[in-house]
Each structure stands twice: as structure tokens, then as C-alpha cells.
Amino acid sequence: MSPTDTDDFKARFAQVQARLAPLFERVFPDPQEPRSVVVVPSLSFDPQELAKIDGVEHYEERLLCMLMLLRMPRTHLVYVTSQPIDPSTIDYFLHLLPGIPSRHARSRLTLFSTLDSSAVPLTRKLLDRPQLVERIRQALPHPDRGHITCFNATALERELAVRLDMPLYAADPELVDFGFKSGGRKVFRAAGVPLPDGYEDLRDVQDIVTALTELKRRHPDLRRAVVKLDDGFSGEGNALFKFEGAPTGGALEGWVRDELPQRIRFEAKGETWERYAAKYAEMQGIVECFVEGKPKLSPSVQCRIDPLGRPEIISTHDQVLGGPSGQVFLGCTFPADEAYRIEIQKLGEAVARELSTRGVIGRFGVDFISCQDADSAWHHHAIEINLRKGGTTHPYMMLQYLTDGDFDPSTGLYRAPSGQPRFYYASDNLISEDYRGLAPEDLIDISVCRDLHFHGATQEGVVFHLVGALSEFGKLGAVCIGPSPERARALFTETVDVLDQEARARHTW
């Protein structure tokens with residue numbers, strides 16, 4: 001047993017966490033109150049699963065949206081990364097701060113790097129460098145008025161909270177199972193939220209075979225089923241099995257066992273059955289019916305449970321999905337379609353209430369598959385709880401910080417202070433071979449010369465992220481904010497067109 005898994009260590013963590021609720025009541029409501037925030041954007045997941053995502057080492061930059069907290073004039077922020085972030089990228093985000101001189105904000109920002117590009121989670125790298133942890137402690141002017149924010153909370157982040165003696169604004173790692181595929185299905189049932197028929201807590205290939213067989217027997221017309229790793233990331237741990245040509249009766253299980261290695265199709269590029277089966281035995285997972293239907297969409301509801309245990313719906317999105325069978329997250333539109341966004345808000349609220357009773361705090365998302373029937377009614381199936389920040393977190397936070405508006409749960413719309421609604425189209429996956437070799441300075445030059453930036457006066461425009469992945473991987477992200485869904489999508493299309501034109505022109509030099 002690790003020393004951090006002992007009852008004594010967990011008690012120490014509980015003592016640190018006990019300071020979060022009073023801090024939330026006393027400091028959070030007043031933007032003038034001094035405070036310290038430590039941002040550790042570690043993707044504390046299985047490294048082999050993360051390796052399936054191109055440029056994943058730069059995903060630590062997605063939480064640079066947290067730099068917008070520096071608009072509060074007495075807030076000090078520490079941001080930790082594996083590798084140093086290009087200074088021009090930092091300047092780009094500080095320039096977005098409304099009403100705060102960049103120099104003033106920069107004086108309250110401290111950047112640390114582990115100078116380690118290995119596939120180990122950032123928090124592990126940090127814990128392995130006690131001198132760096134101490135330097136972070138010394139950089140905090142208000143340690144008694146601070147907290148740690150992270151991408152996802154595991155035993156690593158719990159240890160860091162104790163080492164820094166600073167509470168973690170995230171779910172206790174003891175509750176991490178609610179964010180796994182199996183745990184999510186159990187929460188949906190308890191909350192009375194519809195979910196696809198299926199099985200959870202599966203341990204190995206034989207369990208997969210048994211689950212696929214029983215689903216087909218229960219649903220003779222079932223065409224496809226989904227196999228998922230319990231802790232897969234961004235849909236890359238999912239696979240699809242087709243029942244085409246399956247026999248009936250007693251021969252079915254043997255057919256499934258024989259056909260599984262050949263028929264299963266993975267969402268992740270380059271995945272093999274042998275490697276996937278071994279990872280499944282290590283990580284466990286679920287099997288569930290593939291939800292069929294046209295039209296079929298994948299909305300999500302973002303929720304937050306504050307340190308006082310109060311659940312709140314903060315946004316809805318329609319996810320933009322890709323991959324061989326449309327299960328890999330590529331981007332999102334905000335808000336979700338008006339035809340059903342209030343319906344999924346209610347379902348998300350039921351999940352949030354259930355998680356609140358179990359002691360969860362912090363941000364999380366609930367993903368759905370939604371299909372429309374012949375009578376134009378929408379039917380929703382909950383498929384996953386992302387008990388962490390996700391791909392919809394940083395676009396929405398940028399919208400909030402840039403416009404200072406409010407989410408209206410009665411309509412599902414976000415309104416700027418003028419009362420005008422705001423919408424966006426966001427993607428983490430603007431990818432092109434032509435983009436390789438473009439440095440952050442090149443992107444900023446393009447954005448300025450081609451008017452691809454956010455305008456505070458009109459409260460619309462484009463904000464880039466994942467800039468560090470551009471030169472090596474030809475990949476970056478963008479949030480395109482507009483006064484209508486059509487304008488937001490048009491801004492995205494214009495952004496892609498401009499980047500393509502500029503990248504091709506620079507390759508002809």
C-alpha cells in the first residue's frame with residue numbers, strides 16, 4: 001500500500017479540504033479579495049490511452065483560460081506545465097484580459113515547468129521534484145486564501161494538495177469511480193436517468209463475450225454494441241462490434257468469441273486486439289447497446305457542485321464527434337439545440353443531485369446520445385460522466401471571462417451584459433499537414449493581420465488554444481464566438497480558410 005493510501009494520509013487530506021468551504025463563502029464572491037490559485041493541468045490518466053491523441057503533451061495548455069482569473073486585481077496565479085510555454089502564447093492570453101494592463105497581470109503570474117517531456121502525468125513529475133513543490137509554496141503570497149485547480153483529481157492530486165497544504169477544488173479521488181464508465185451507469189440508474197441497455201464492471205475478454213451474447217439475445221434486432229474501457233479518454237478507448245451474420249440459439253456465444261478479435265473496430269488509430277484486450281483486463285470496462293437512430297446527436301450537460309454541496313447547471317453543448325463510428329470528441333457548439341436543451345438540463349440536474357448526495361464537488365459533464373422519433377420527440381440516453389474538466393470546459397470559460405455575461409437556465413442561453421445572447425463553435429482538432437512548422441508568433445501574426453481575434457467592443461471573434469501543438473503536429477484549437485449559431489459557425493469556417501491560405505502561402509517561400 002502506498003503511504004498516500006493510508007487512513008492517516010486521507011485524514012490529513014480531509015483536514016486540508018475542510019478549509020475549502022469557508023474559503024468559498026468568504027473569498028470567492030468578492031473579486032477584490034486577495035487569493036492564490038495554483039493551476040496544475042495534469043492529464044492524470046493512463047499514459048498508453050493518452051498516447052492515442054496527437055499532440056496530447058500540449059493539452060496542458062487548454063487550461064490557460066484560467067489566466068483570465070488575473071482580471072481580479074489581487075489574484076495571484078501559479079501555472080505549472082511539463083515543458084515551458086512559449087512566451088508569445090502567454091502574451092496572447094494576457095492581452096485578452098478585459099480592463100487589466102498586461103504588465104499588471106504578468107506581475108501576478110508565476111510559471112513553473114518540470115522540464116520533463118515524458119509520458120508521466122504532470123502531477124507525478126511535480127511530486128518527484130520536492131524542491132519545485134517548495135518553490136511553488138514560496139511563490140504563494142496568500143497560501144491561506146488559495147486553492148488548487150486541476151484537470152482531473154486522482155491520488156496524485158490528493159498528495160499534492162497535502163504537500164502544498166492547499167485544498168483541491170475537485171472531487172475527492174475516493175469518488176473517482178463515479179467518473180468511470182461502470183460507475184456512471186450506476187449513478188444514472190440511481191438518478192432515474194435513461195441509459196443504454198448493457199453491462200458494467202466487466203473484467204476480461206470472457207466477460208465481454210458474455211455481455212455481447214446476452215445483449216443480442218435480449219435484443220434480437222441489435223445490429224451493433226459498444227465496448228468501452230472504464231477510464232478511456234475522449235472516446236479513444238471505445239470500440240464497436242457488429243452482429244451482422246450472427247447465428248441464433250446456443251451457437252451465438254461461440255460465434256461471438258470467435259468473431260470478436262476480427263470484427264471489433266477501434267476508435268483509436270493503430271489499436272490492436274491484443275493490446276486492447278490486455279488493457280481491458282487491467283482497466284476493466286463496459287459493454288452496451290449502440291444507440292441507433294437518425295437524426296442522432298450527442299449533447300452534453302456541464303454541471304458544478306460547489307464546496308457547500310449545491311449543484312448547478314452551467315452549460316449545455318452539442319458535441320462534434322468523429323472517428324470510425326463517431327465516438328471521438330473533436331469539438332462542440334454552445335448551447336445545445338433548443339429542441340431539447342431544457343430536457344437534457346433536467347436530466348443533468350438529476351445526475352448532479354445524485355452526485356451531490358455522494359459528496360462530489362467541482363465541475364463535471366454528462367454526455368448523452370439523443371435521437372428523434374417519427375413524431376419528432378427526442379429520446380435521450382446518458383452514456384458517460386466526465387468527473388473532471390473536459391473538452392467543453394475551456395471554451396465556456398473563455399466565453400465567461402471575455403464577456404462577463406450569465407447563463408440563463410430557464411432558456412439555456414448565455415447572455416452578455418447587454419442582454420444579447422452569445423454562441424460559439426469550438427474545436428480542439430484543427431489539423432493540417434500544412435500547419436506544421438508554424439510557430440506561435442506566426443499564428444499571432446496571422447490572427448492580427450487577418451482579423452482573427454476577439455473584439456471586446458462587439459463581443460465576438462476568435463480565440464486560439466493548443467498553440468504549442470501547432471509547429472510539431474500541425475494541430476491547434478479555436479473558440480469562435482458570435483451573436484448567433486450561424487455567425488459562430490461562419491467565423492469557424494473563415495478561420496479554417498484563412499489558416500489554410502496562410503499556411504500554404506508560407507510553404508511556398
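Mentor: Axes here are lines fitted to C-alpha atoms, for helices over the stretch in contact, and angles run from 0 to 180 degrees between N-to-C directions. Helices (H or I, at least four residues) and strands (E, at least two) are DSSP runs, numbered from the N terminus. This is a predicted model, in which local features need pLDDT of at least 70, side-chain atom pairs count only at pLDDT 80 or more, and totals for chains, interfaces and linings use all residues. Residues are numbered from 1 along each chain as its sequence is written, and side-chain values use heavy atoms, with hydrogens and water left out.

Helix 1 (residues 7-17) packs against helix 8 (residues 155-164) at about 65°, their axes lying 9 Å apart. Helix 1 is therefore roughly perpendicular to helix 8 (a term for angles of 65 to 115 degrees). Contact means heavy atoms within 4.5 Å; helix 1 contributes Phe-9, Lys-10, Arg-12, Phe-13 and Val-16, and helix 8 contributes Arg-158, Glu-159, Ala-161 and Val-162.

Two strands pair if DSSP finds at least two bridges between them. The sheet is open, with four strands in the order 3-2-1-4 and parallel pairing. Strand 3 (109-113) and strand 4 (146-150) are at the edges with a single partner strand each, so one side of each lacks a neighbour in the sheet. Strand 1 (residues 35-40) runs parallel to strand 4 and is joined to strand 4 by five bridges; Ser-36 has Gly-146 of strand 4 as its bridge partner. Helix 8 packs on this sheet, touching strand 1 and strand 4, and its direction makes about 160° with that of strand 4.

Key:
Angles under 35 degrees count as roughly parallel, over 145 as roughly antiparallel, 65 to 115 as roughly perpendicular and the rest as oblique.
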